[in-house]
Amino acid sequence: MLDPTLANGVITPTAEGINWVPIKPATNGALYSAIAQILIRDNTFDADAMAFPSHEAALAGGYGGHTNATYLVITDENHPNYRKLMRAADAGLEVPPADPEATMQPTYYVVIDAATGEPALHTAAAKGDLFFEGEVNGVKVRTGFSMLRDSVNERTIDEYAEITGIPASEIERMGKEFGSHGHKVSVQAAAASTASVVGFDTPAGRELLKAMMGTNQMTGGSFPSGQAPVTEGKGACYDLTTIAGKPDVSNKNAVMISRGSKAWEKTDEYKSRVAAGEKDPKPMLPWYTNAPQSDAQAIMSIVNKYPYQCKILMTWMCNVIQATPGAMRDEVIEKLKDTSVLPLHIVCDIVVGEMAQYADYLIPDVTQYESFGLPTVSMIGGYGTTVRWEAKTPETTKLADDRYVCWETFLIDVAKACELPGWGENAIPDVNGAMHPFNDSYDYYLKAVANLAYAVEPVEDITAEEAHIQGLDELPENWKKAVTDEEWPKVLKVLSRGGRYWGADYKRGADGRFKGLKAKEAYVYNEKRALMTNPYSGKRLSPTLNYNEQMFADLSPMTDHYSAEEYPFLCSEHKPKFRSVTMLSNSPIMRDIAAHNYIEMNEEDAAELGIKDGDRVRAITPLGDVTEGEAMVRAGQVKGAFAVAFGYGHINYGAQDVEIDGKVTKGDPAIAAGTRIHMMVDPVVAEHGGLGIIADNDASSPGRCGGMFKIEKA
């Protein structure tokens with residue numbers, strides 16, 4: 001298994017079978033591009049898998065997924081559909097009659113049929129030509145795969161080695177090994193490896209390499225994990241998704257405050273400013289055409305009151321400013337405290353953290369031992385759901401109706417007070433159409449457990465003896481009334497087992513493919529990215545995999561603004577097992593294991609700077625942000641970068657004195673020990689009047705890794 005996220009702490013070098021290969025943060029795209037180059041150069045990629053243009057073609061060929069590698073891209077700059085994938089109409093091809101029963105009609109793309117050499121609909125060819133370049137219907141086109149070949153060959157292996165900090169010989173070894181096992185290879189890369197200003201290159205490269213070897217939905221390759229029966233949705237007993245009378249609010253008629261899923265030129269602001277006579281208006285903060293929701297971007301929108309003012313903010317167990325590099329700064333905190341910026345902030349949490357301390361109202365919540373949850377089984381190829389349920393009586397306030405204060409109780413009571421649909425009486429439908437109440441958390445979660453109990457085939461009833469032995473016959477009455485008398489013994493059976501699980505073979509077909517095959521298309525050419533225009537510069541990102549330098553909001557390289565010679569270091573954060581975003585810093589046992597974190601440096605870097613283990617050092621950005629801590633010099637850290645364990649350097653969670661009604665509770669300085677990375681803000685955004693973090697220009701995620709730093713003794 002290839003995992004280029006090692007420098008970001010996803011895997012420990014002491015794990016069995018791990019070959020530790022340190023990589024410079026924010027350079028994963030370079031490593032993926034290098035390996036793709038080797039696969040193409042050595043012809044060790046699976047050409048058949050890449051050439052299947054449709055799900056049906058892949059199935060017929062014995063594979064589990066297809067790609068758009070053979071789809072033709074319009075390369076004529078004068079064509080109205082320049083940079084788009086060619087459609088049937090562009091090629092003058094007829095399409096099948098529309099299906100009157102279908103809610104959505106398919107889009108028909110064009111390939112060069114490998115068997116005939118002629119243009120064809122992607123649904124009509126068994127395989128497409130991977131390398132075609134020429135004209136179709138008088139329009140210049142070429143395949144996405146031919147464009148990929150060009151983009152990954154823009155640099156040599158030696159250049160990729162220089163970028164990543166991985167020796168060229170090691171990259172060659174990795175590329176050759178990856179291409180030597182057929183479809184029985186995979187790539188795992190997520191979490192911190194995506195958290196940089198070029199973080200999108202990680203999932204893009206990950207999925208490309210898997211597709212190049214035909215691993216998708218194949219046993220021994222990229223087999224789907226975390227599969228589960230429906231519980232908190234339209235399940236076997238109850239529909240916990242459909243809400244009668246729910247307001248019709250979506251990205252089509254509303255704008256996310258985080259500015260995602262909408263192009264700048266499609267916004268009302270842009271249109272109104274153009275109508276008012278502006279020729280090329282620029283936004284205060286970036287807009288992210290293809291990005292999902294982002295809590296980090298939401299916070300930056302709130303403090304800037306852009307694109308609109310947030311009147312009420314509700315956060316649940318969410319410490320956004322601590323988890324967002326660049327947000328834990330005085331300018332942000334002062335605006336969060338300003339009621340003219342944020343009139344009302346309500347927080348529900350089990351601790352008072354950095355975000356919560358600035359709230360207007362604090363709602364106590366319950367711990368994982370006092371609450372329900374139905375997490376999906378995470379084992380590879382597994383199928384099932386774990387059930388977490390109240391192992392102890394909650395320690396929050398007990399209300400007059402015997403419910404305990406928590407997030408769910410708060411939501412239910414506020415929703416009922418506001419007369420929102422989907423709450424109160426006649427809120428939850430069952431599979432027969434009958435309606436059931438939603439007045440407490442048990443009404444919801446135990447119905448979800450009932451869905452699990454009846455999934456695939458119903459579990460057997462629990463025996464009275466077993467229920468008594470486990471104390472399940474002593475559960476409160478409001479648990480039992482949440483489901484029917486028939487369902488209750490089966491719900492107890494699932495609770496008694498802590499969930500429900502099926503064997504790995506349940507989802508593994510006899511032919512080596514995923515039994516629940518779905519139409520999985522891997523993008524070699526990303527049309528959405530190809531058409532996305534940067535709102536500041538008008539530039540576009542590469543639609544095929546390549547290495548992108550760290551960029552600011554206008555896609556200009558950071559090194560165009562600041563000297564790489566003066567600020568040569570990158571950074572990365574990793575999450576240790578004994579710390580997290582919330583809690584654990586308040587545990588004396590955990591603090592004893594590691595009282596503080598370190599600024600972890602490579603041996604050669606430390607020697608050049610005259611730094612030794614235990615020295616106090618400072619990592620400084622071009623804008624003067626300072627990360628100060630104790631140096632740890634070690635060989636496993638990649639040269640040219642430093643690392644910091646996340647979860648330290650608190651300014652709350654009990655670290656500071658708190659006064660309530662004249663009573664002072666003393667803080668514990670041990671909770672504040674250590675440091676966090678202090679990242680610079682985006683100077684391009686500042687030029688347009690906004691306060692913005694450095695972020696990925698595709699996904700809008702914060703630049704947690706990378707950046708530019710110099711290191712000196714404190």
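Mentor: Start with the lining of the second largest cavity: seven nonpolar, four polar and two charged residues. Nonpolar here means Ala, Val, Leu, Ile, Met, Phe, Trp, Tyr, Cys and Pro; charged means Asp, Glu, Lys and Arg; the others, Gly among them, are polar. This cavity has a volume of about 100 Å³. Its lining has 13 residues, and Met532, Thr533, Asn534, Pro535 and Asn697 are the closest to its centre. A cavity is a set of points, on a 1 Å grid over the protein atoms alone, where a 1.4 Å probe fits but cannot get out; lining residues have an atom within 4 Å of a point. Points are joined across faces, edges and corners, and volume is the space filled by probe spheres set on them.

This is a predicted model: local features need pLDDT of at least 70 and side-chain atom pairs pLDDT 80 or more, while totals for chains, interfaces and linings use all residues. Numbering runs from 1 along each chain as its sequence is written, and side-chain values use heavy atoms, without hydrogens or water.

In total there are six cavities of 30 Å³ or more. Helix 13 (407-417) and helix 14 (441-453) each supply at least two of the lining residues. Helix 14 gives the most, with three. Helices (H or I, at least four residues) and strands (E, at least two) are DSSP runs numbered from the N terminus. By class, this lining has seven nonpolar, three polar and five charged residues.

Now the open space. The largest pocket holds about 1100 Å³. A pocket is an open set of points with protein on both sides within 12 Å along at least five of seven lines. It is lined by 47 residues; Pro203, Arg206, Glu207, Lys210 and Glu521 lie nearest its centre. Helix 8 (201-212), strand 14 (521-522) and helix 18 (527-531) each give two or more residues to this lining. Helix 8 leads with seven. The pocket lining comprises 20 nonpolar, 17 polar and ten charged residues.

Next, the helix packing. Helix 10 (residues 295-304) and helix 12 (residues 330-337) have axes that come within 9 Å and cross at roughly 70 degrees. That makes the two helices roughly perpendicular. Axes are lines fitted to C-alpha atoms over the stretch in contact, with angles from 0 to 180 degrees between N-to-C directions. Angles under 35 degrees are roughly parallel, over 145 roughly antiparallel, 65 to 115 roughly perpendicular, and the rest oblique. Ile299, Met300 and Val303 of helix 10 touch Val332, Lys335 and Leu336 of helix 12; contact means heavy atoms within 4.5 Å. Five of these contact residues are nonpolar, none polar and one charged.

Helix 1 (28-41) packs on helix 5 (residues 144-152) at about 120 degrees, axes 9 Å apart. This pair is therefore oblique. Ser33, Ala36, Gln37 and Ile40 of helix 1 meet Phe145, Leu148, Arg149 and Val152 of helix 5. The contact has five nonpolar, two polar and one charged residue.

Last, the backbone. Most residues other than glycine have a negative phi, and most peptide bonds are trans. Ala26 has a positive phi of about 65 degrees. Ala26 sits in the segment before helix 1. The Tyr306 to Pro307 bond is cis, with omega near 5 degrees. Pro307 lies in the loop between helix 10 and strand 7 (312-316).
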